[in-house]
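Me: I am just starting to read protein models, and I would like to go through this one slowly with you. Could we take it one question at a time?

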Amino acid sequence: MTNALEYNSERSKLIIPEYGRHLQKMVEHAVSIEDDKERNKVAQSIISVMGNMNPHLRDVPDFQHKLWDQLFIISDFKLDVDSPFPKPTPEMLAERPEGLDYPENNPKYRFYGNNIKKMIDEVKDWEESDLKEALVLSIANHMKKSYLNWNRDTVDDKVIFDHLKELSNGKLNLKNADEDLSEASDLIRGGGKKKYSKSNKKSGRKGGRKRH
C-alpha cells in the first residue's frame, strides 16, 4: 500500500484544474496508447466525460469545439487523434487578444458622457432651423444637468455655452440665444421634492401643536 501513495510533489501539474486529476490521467493514458484506432476511441470517451461535467454549456455555441481544444491543451498538445475541428497550437494559446478601444471621446469633460458628445457631433453640421435650435438647447440643458449631478453645485450658463462650443469645434454657440437654460434647482434630481417634503413636515408639526 505504501508504494501506491502519490505525493503532490511527484504529480504532474494540473493544466486545467477544473477537470481534476482523474481526467488528466485519462488524457495522459490516451497519449500513451500506440494503436491509432484505440487512441481515437479513448479520446471520444474523454470528450463525452468532459461534456457531462459541463451540462450547463451544452447550449453554448461551439461547445464541442471548445471541448476538443481543451482536450489538446490538457495533453500539452501531445495527443495525436482525429479531431472534427482544427487542432490548436501552443502558439495560438500564447497569443494575447487585441486591446479593446474604450469610448473616450472627450476625457476632459467626462461628466458629460459619450452620449451627449455623440449628440453634439450629430447635430453640429445640420442646417440652421427651429428643430436644430430646439435640439441644441435641449443638449445644453442635459449638459447642465450632468455638470450639476457631478459637481452638486451651481453653474453659470456661460460655462455650459463655452463647453458646448468647444465640444462642437466652434459650430454650436448659444451665447446669443434668446432662451435661457433651465434653473439648477429644476435640473438637480429630487431638488424640488426635498423642498416640498420639508415644508409639509413643518406644516404638519405646526398643525399638531394647535390640536393639542
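Predicted model: local features only at pLDDT ≥ 70, side-chain atom pairs only at ≥ 80, totals over all residues.

Me: Is Lys132 buried or exposed?
Reply: Buried means under 20% relative accessible area, exposed means over 50%, and partly exposed is in between, with a 1.4 Å probe and protein chains only. Lys132 has a relative accessible area of 3%, so the word for Lys132 is buried.

Me: Which residues do salt bridges that share partners join into one network?
Reply: Side chains of opposite charge can pair when their charged atoms come close. A search of the whole structure finds nine salt bridges. Where such bridges share partners, they join into one network the residues Lys117, Asp121 and Lys124.

Me: How many residues apart in sequence are the parts that Asp125 and Lys171 tie together?
Reply: The closest N and O atoms of Asp125 and Lys171 are 2.6 Å apart, and the two residues form a salt bridge. Helices (H or I, at least four residues) and strands (E, at least two) are DSSP runs, numbered from the N terminus. Asp125 lies in the loop between α5 and α6, and Lys171 in the loop between α7 (157-167) and α8 (184-187), so the parts that the pair ties together are separated in sequence by 46 residues.

Me: What is the distance between the closest N and O atoms of Asp80 and Lys87?
Reply: Asp80, at 48% relative accessibility, counts as partly exposed, and Lys87, at 39%, counts as partly exposed too. These two residues form a salt bridge, and their closest N and O atoms are separated by 3.7 Å.

Me: What is the angle between the planes of Phe111 and Trp150?
Reply: Rings of Phe, Tyr and Trp (its six-membered ring) pair if their centres lie within 6.5 Å, and planes under 30 degrees apart count as stacked, over 60 as edge-to-face and the rest as tilted. The structure holds six aromatic pairs. In the pair of Phe111 and Trp150, which is tilted, the centres are 6.2 Å apart and the angle between the planes is 35°.

Me: Where in the chain is Trp150, the partner of Phe111?
Reply: Phe111 is buried at 18% relative accessibility, whereas Trp150 is exposed at 60%. The pair links distant parts of the chain, 39 residues apart, with Phe111 in the loop between α4 (90-94) and α5 (113-123) and Trp150 in helix α6 (residues 130-151).

Me: What is the phi of Phe77, roughly?
Reply: Phe77 is found in the loop between α3 and α4, and its relative accessible area of 23% makes Phe77 partly exposed. Although Phe77 is not a glycine, it has a positive phi of about 65°.

Terms used:
Residues numbered from 1 in each chain as written. Heavy atoms only, no water. Salt bridge = Lys/Arg side-chain N within 4 Å of Asp/Glu carboxyl O.
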